[in-house]
Amino acid sequence: MNSANDLEELKTRLLADLNLAVSGASESPRLEDLKTKYLGKKGEIYGLMRGMGALPADQRPAFGQKVNELRDLAEERFAALEAKAEEQAINAKLAQSTLDPTLPGIRAPMGHLHPLSQVREDTINFFRGLGFELAEAQEVDHEWYNFEALNIPPDHPSRDMHDTFYVDEGIVLRTHTSNTQVHYLLDHKEPPIRILAPGFVYRVDNDATHSPMFQQVECLVVDENISFSHLKGTLFLWAKHVFGPDVNMRFRPSYFPFTEPSAEMDISCIFCGGKGCRVCKQSGWIEVGGCGSVDPAVFEKVGWDPERYTGFAFGFGIDRIAMLKYGIPNIAHLTRGDTRFLRQF
Ligand code: FA5
């Protein structure tokens, strides 16, 4: 069966079958079955191609071209009908569905930084803006870096202020970020030094305002001709940045073995504006951290010339700043991980 008549007959049958397939009549053939019947590898159109060898050679090109045309027509019609069927299936599904894609979605709750991270990041960004570099030192350290190099010998009374966790003979959980000063000055001998070192520190301490694990930020500046007024200027800028332009600041003489002179920095109470309230114990002032000019004894321990270089350092508690800034009465709230509490900030 390989004549022009066969070809016409096949085309007529194909088109009739396709019409029937889309008519929706109960007996109508399925589109996939028709596709296999006409266009499948063993289908009728390829059957015509395979049988072409039986034709006289001069008729083969013209017949072949016609078969190709029929195949193209069939492929085109099937593709169009399949696309239409797919669209109808989607529309039918949508019509059945109770989902309304035009309704607004449910907003996923957005997380945010922990208040301690907010204070830490804000402090880092502020000091970076002043040209400070970030530095870090280990939390588990040899006591020489935490104490001796900072002019705190073993029998020094100020060791009592740092109730220390010992990990092993001579190895401590650092009690302050000041160990960073020592490591940095030993590793870097090129002034100017301008570093900020935030990090975790540990003390045997536990009450409403003291935690056994808390965060400090250490700052160290070393160069020729660095004076206490540079320290005051820097801290004043920082305090205004954190607590607002109306905040006042004062320095109380204090004692740290690694700074001379040493001071405690207070800010005017941000709850009562300095008039006196329960938070500031009626004094109008709140203590923020310790500071001072680098003691020449420290320069000697780390191999810097104390005759030539001067510097200042300060260290304050990030947890305390967060408590002050957000009015948090108990330091433990900050580390309990209660999301009802944390969501407020
Ligand atoms: C120091 O730790 C000094 N290294 C600070 C310093 C650095 C002085 C450089 C001079 C030069 P102090 O022990 O006062 O100092 O602690 C500093 C701050 O850490 C305190 O003002 C307080 O804000 C915070 N802090 C101290 N102990 C705790 C604690 N247990 N829990 C939470 N915060 C604390």
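In the predicted model, the centres of domain 1 and domain 2, taken over C-alpha atoms, are separated by 84 Å. The domain assignment, an automatic or database one, places domain 1 at 4–95 and domain 2 at 115–342. Residues are numbered from 1 along each chain as its sequence is written.

Helix H5 (residues 115–129) packs with helix H10 (residues 318–326) at an angle of about 105°, the axes lying 9 Å apart. H5 and H10 are therefore roughly perpendicular to each other (angles of 65 to 115 degrees). To this contact (heavy atoms within 4.5 Å), H5 contributes Pro115, Leu116, Gln118, Val119 and Arg120, and H10 contributes Ile318, Asp319, Ile321, Ala322 and Tyr326. The residues of the contact comprise 7 nonpolar, 1 polar and 2 charged.

Within H10, Ile318, Asp319, Ile321, Ala322, Met323 and Leu324 are buried (under 20% relative accessible area, 1.4 Å probe, protein chains only). Besides H5, the buried residues of H10 pack against strands E6 (213–223), E8 (259–268), E9 (285–294) and E10 (310–317), and against helix H8 (228–243). Glycine 327, with a positive phi near 65°, follows H10.

Leucine 150 is placed in the loop between helix H6 (143–146) and strand E3 (166–168). Leucine 150 is buried, its relative accessible area being 0%. Residues up to four places away in sequence not counted, leucine 150 touches Tyr145, His176, Ser178, Asn179, Gln181, Val182, Pro257, Phe258 and Val298.

Methods: This is a predicted model: local features need pLDDT of at least 70, side-chain atom pairs count only at pLDDT 80 or more; totals for chains, interfaces and linings use all residues. Side-chain values use heavy atoms; hydrogens and water are left out. Axes are lines fitted to C-alpha atoms, for helices over the stretch in contact, and angles run from 0 to 180 degrees between N-to-C directions. Helices (H or I, at least four residues) and strands (E, at least two) are DSSP runs, numbered from the N terminus. Angles under 35 degrees count as roughly parallel, over 145 as roughly antiparallel, 65 to 115 as roughly perpendicular and the rest as oblique. Ala, Val, Leu, Ile, Met, Phe, Trp, Tyr, Cys and Pro count as nonpolar, Asp, Glu, Lys and Arg as charged, and the others, Gly among them, as polar. Buried means under 20% relative accessible area, exposed over 50%, partly exposed in between (1.4 Å probe, protein chains only).
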